[in-house]
Every structure is written in structure tokens, then in C-alpha cells.
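Hi,

Here is the structure I promised to pass on to you. Please open it next to this email and follow along as you read.

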Amino acid sequence: MAEKVVLAYSGGLDTSVAIKWLQKNYKLDVIAVNIDVGNEKDFSAVRQKALDIGAIKAEVVDAKELFVKYFIFPALQANALYEGQYPLATALTRPLMAKLMVDVAIEEGASAIAHGCTGKGNDQVRFDVSINALAPEMKIIAPAREWGMTREETIAYAKSHNIPIPVTVSSPYSIDECLWGKSIECGALEDPWAEPPEDAFTWTVSADRAPDKPQYIEIEFQEGIPVSLDGQALDGITLISRLNEIAGKHGIGRIDHIENRVVGIKSREIYEAPAAVTLIQAHQALESMTLSKDQLRFKQKVAQEYADLIYNGLWFSQLNQDLSAYVLSSQRYVTGTVRMKLYKGHASVVGRKSPTSLYNLSLATYDVGDRFDQSASNGFIKLWGLPVKTQAQVQLLGGKEGPLSIMSPEEKKED
Ligand code: ARG
């Protein structure tokens with residue numbers, strides 16, 4: 001009996017060809033696993049296709065709940081944005097997929113795991129690093145990294161082996177979708193000067209075609225997790241899907257990013273992430289009301305580290321556990337409601353309230369009811385400015401290179 005390989009199967013061209021290629025080149029029996037992370041597809045057709053091509057078994061794993069609970073929500077609580085822009089949709093799915101594939105491989109007694117990544121992207125790094133961390137004995141095969149076929153050659157290979165060519169092959173873009181967003185690459189997008197063609201987008205309308213009337217929504221968070229939309233309690237999957245629709249309709253969540261890949265390439269990436277963009281913004285607004293200044297400053301640094309770690313494929317590291325422990329602890333009082341206005345490509349925060357708010361009207365107001373002791377400011381400022389005053393007397397004002405040296409000689413003379 002042949003040894004078995006578990007293949008991460010998407011139903012697309014490369015992984016379909018991979019089923020045949022693994023059988024022929026590695027003499028392995030292929031178990032195709034399709035993991036549903038919210039990338040709406042006709043899963044029974046995908047399953048059947050794998051079997052028709054020759055997989056000995058084909059499974060669909062519904063991973064949406066795990067994805068929301070253990071990947072999306074922690075990333076949202078951290079406000080994780082790679083290089084300040086990309087909400088990490090694709091990047092978050094790979095460690096989860098790796099984990100589920102390892103589970104199937106162990107259950108099936110397979111000796112190898114295969115995936116459809118090329119040798120140029122981040123996804124191969126995320127898959128391989130995660131699989132190695134979870135099951136170091138497992139062999140990893142990445143056919144598209146090995147076979148050296150161009151796209152045309154892959155299509156020819158498919159035709160000569162009676163592998164149905166997916167209709168998406170006619171699409172000029174490479175696409176990856178999950179609940180947290182859609183990643184779009186290739187084709188006309190590779191010219192960083194060219195505006196992305198409208199047909200690259202399917203989750204969002206362009207801002208100029210968005211409704212002329214704004215829509216107001218209210219998002220309620222409990223300890224940093226969104227639990228209701230417009231007063232209606234919703235599970236995570238429903239809430240995110242609904243927000244993708246609502247915000248997408250207003251043209252929110254288009255991202256155009258020149259991104260630094262792990263493998264050293266800069267690439268132009270387009271994303272659509274209406275729910276992610278809206279939720280991160282709302283969550284940040286609630287944090288500014290419920291976290292102290294120092295917590296907010298520190299958390300920004302953590303968010304950047306956390307985003308890098310996710311992007312770089314290091315999910316199964318102790319650093320992840322350390323950082324997420326901090327993030328979770330920071331969310332204890334991030335409870336409340338944020339009101340947003342969705343209009344022509346923008347989600348703006350227009351209101352926020354929280355039972356654990358640190359905003360204190362009697363301290364902030366300039367009207368009656370002011371309880372801020374203004375007389376205390378005098379002494380405070382004396383001490384706060386003491387080091388500046390001391391230094392300025394000894395070093396700055398006398399020196400040629402001091403702050404006054406930016407003034408012209410004439411101005412200095414007048415001094
Ligand atoms: N650049 C993004 C990332 O690294 C998107 C990758 C899209 N992946 C794909 N297989 N199409 O996360």
C-alpha cells in the first residue's frame with residue numbers, strides 16, 4: 001500500500017494539478033482536505049472534484065468558529081495591522097490550517113503534508129514553520145515550489161490529465177479569501193503606479209458608487225470582543241459576515257499596500273476587509289476611552305510586534321503566548337458601545353460609551369460643574385518644566401548650535 005499525503009486542497013488549478021502530480025512523482029495516496037475559514041464555496045463540489053481527480057479521500061473541515069475565536073478575535077483585541085495597513089486575513093488562516101492538516105495527517109497515519117504554495121510567498125513560510133513546530137517528523141511537500149511549471153504549463157498539464165480547469169483561471173488575479181478579508185494579487189496590480197481596476201474588487205463598491213446617505217451602526221464590545229450589532233446579540237461569525245456586507249456596501253475596507261514579504265520581496269497587495277477595518281477602528285476608539293495613556297502607548301508597541309509575528313509565520317511561538325497574554329489582560333475593561341458612521345468609503349467613529357470609561361466630564365468640562373483644580377497646575381508645571389529650564393540655562397541658549405541657531409545672524413544680533 002502506498003504511503004499517504006494530506007494535501008491542503010482549495011479546488012483551484014494548482015492544488016488540483018498537485019493531486020495528480022503527487023501520485024505520479026511521489027507515488028503517494030492523496031487525502032484532500034479543504035478548510036473552510038469563511039471563504040464561501042460550494043464545498044461539496046470541491047470535495048467531489050478532488051475525488052474525481054483521484055484523491056483517495058476528500059474532507060471539508062468547517063474551521064470558522066475556531067478561526068474567529070482563536071485567531072480573528074485575538075488579532076482584533078491587539079489591533080494587529082501589518083505595517084499599519086494589512087489586517088492579516090490570509091496570514092491568520094495559515095497556522096490554523098496547518099494545525100488542522102497535522103490533525104488529519106496523524107489520524108490518517110500519513111507521512112507527509114502538501115500545500116499549493118509557490119516559493120515566493122509568505123504562505124509557504126507560515127505553513128512550513130507551523131507544521132514543523134507541531135509535527136517535526138512530518139515530511140512537507142510543496143509541489144508548486146518544486147515542479148517549475150509556468151502557469152501555461154500547469155494548464156497544459158491539467159488538460160493532458162483530464163483535470164477540469166476552474167473558471168477562476170480566466171481571472172487575471174490571484175485571490176485568497178476568509179472571513180477577515182480578501183487578498184488580491186497579480187495581473188494589472190503588479191504595476192504599483194496603476195490604480196487597481198474595478199474588477200479586482202468583489203466585496204466592496206467604489207466610494208463614488210456607494211450610497212449617498214450615511215448609515216449609522218452601533219457595535220458593542222465585551223472585554224474587547226464584539227458581541228452585538230445595532231443592539232442585536234450575534235455570534236462572531238454572523239457579526240463579521242454581516243459587517244463585511246454592510247461596510248462593503250459603503251465602500252469601506254479597500255487597502256492598497258506595498259508590502260515587505262518575509263522572503264525579501266516588496267509586493268503590491270490589494271485587500272478588501274470591510275469588517276476588519278471597521279471593527280479595528282471601533283475597538284481602538286473604545287480603548288482610547290477605557291485604557292490609560294500608558295497602557296495605550298505600550299499596547300501600540302505590542303500590536304506591532306504581534307502583527308509582525310503573525311505575518312512572519314511565527315504563530316506557534318512562545319512569544320505569541322507572551323504577547324497574547326498581555327493583550328488579553330489589557331482587555332479587562334474594554335467594554336462598551338461605539339457608534340460609527342459609514343459613508344462613501346469611510347467608517348468614522350462618532351460616539352462611544354462605556355461603563356468603565358475613564359473619560360470624566362467633571363474633569364474635562366469648561367462649563368459649570370468643573371471639578372478640575374486649576375490652581376494645582378502652577379506647581380505641577382514648575383516641576384514638570386524644571387529639567388528643561390535647568391538645561392536651557394546651562395547648555396541650549398548659550399551654545400552656537402542651540403535652538404536659536406536656526407535664526408538668521410540678524411535676528412540673533414537683535415536678541
Ligand atoms: N500578502 C498577503 C499575505 O502574505 C496575501 C497573501 C495571499 N495568498 C495567496 N495564496 N493568494 O498574507
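Predicted model: local features only at pLDDT ≥ 70, side-chain atom pairs only at ≥ 80, totals over all residues.

**Around the ligand**

The ligand is surrounded by 15 residues, and the closest are Tyr-86, Asn-122, Asp-123, Glu-259 and Glu-269. Sorted by class, this shell holds seven charged, four polar and four nonpolar residues.

Arg-126 has a side-chain N or O atom 2.9 Å from an oxygen atom of the ligand. For Glu-185, a side-chain N or O atom is 3.3 Å from a nitrogen atom of the ligand, and a polar side-chain atom of Ser-174 is 3.5 Å from a ligand nitrogen. On its own the ligand has 340 Å² of accessible area, and the protein covers 87% of that. Among the elements that give two or more residues to the shell are helix H5 (123–134) and strand E12 (266–272). Helix H4 gives the most, with three residues.

**The sheet**

Next, find the open sheet of five strands, which runs E10-E9-E8-E13-E14 with antiparallel pairing. E8 (residues 215–222) pairs with E13 (residues 336–343) over seven bridges; Glu-218, for example, has Arg-339 in E13 as its bridge partner. Helix H8 (residues 236–249) packs on this sheet and touches E8, E9, E10 and E13. The direction of H8 makes about 70 degrees with that of E9.

Enjoy exploring!

Definitions and conventions
Residues numbered from 1 in each chain as written. Heavy atoms only, no water. Near = heavy atom within 4 Å. Polar contact = N/O pair within 3.5 Å; in protein donor to acceptor, adjacent residues only side chain to side chain. Areas by Shrake-Rupley, 256 points an atom, 1.4 Å probe, with all protein chains shown as cover. Helix = DSSP H or I, 4+ residues; strand = E, 2+ residues; numbered from the N terminus. Nonpolar A, V, L, I, M, F, W, Y, C, P; charged D, E, K, R; others polar. Pairing = 2+ DSSP bridges. Contact = heavy atoms within 4.5 Å. Axes fitted to C-alpha atoms, helices over the stretch in contact; angles between N-to-C directions.
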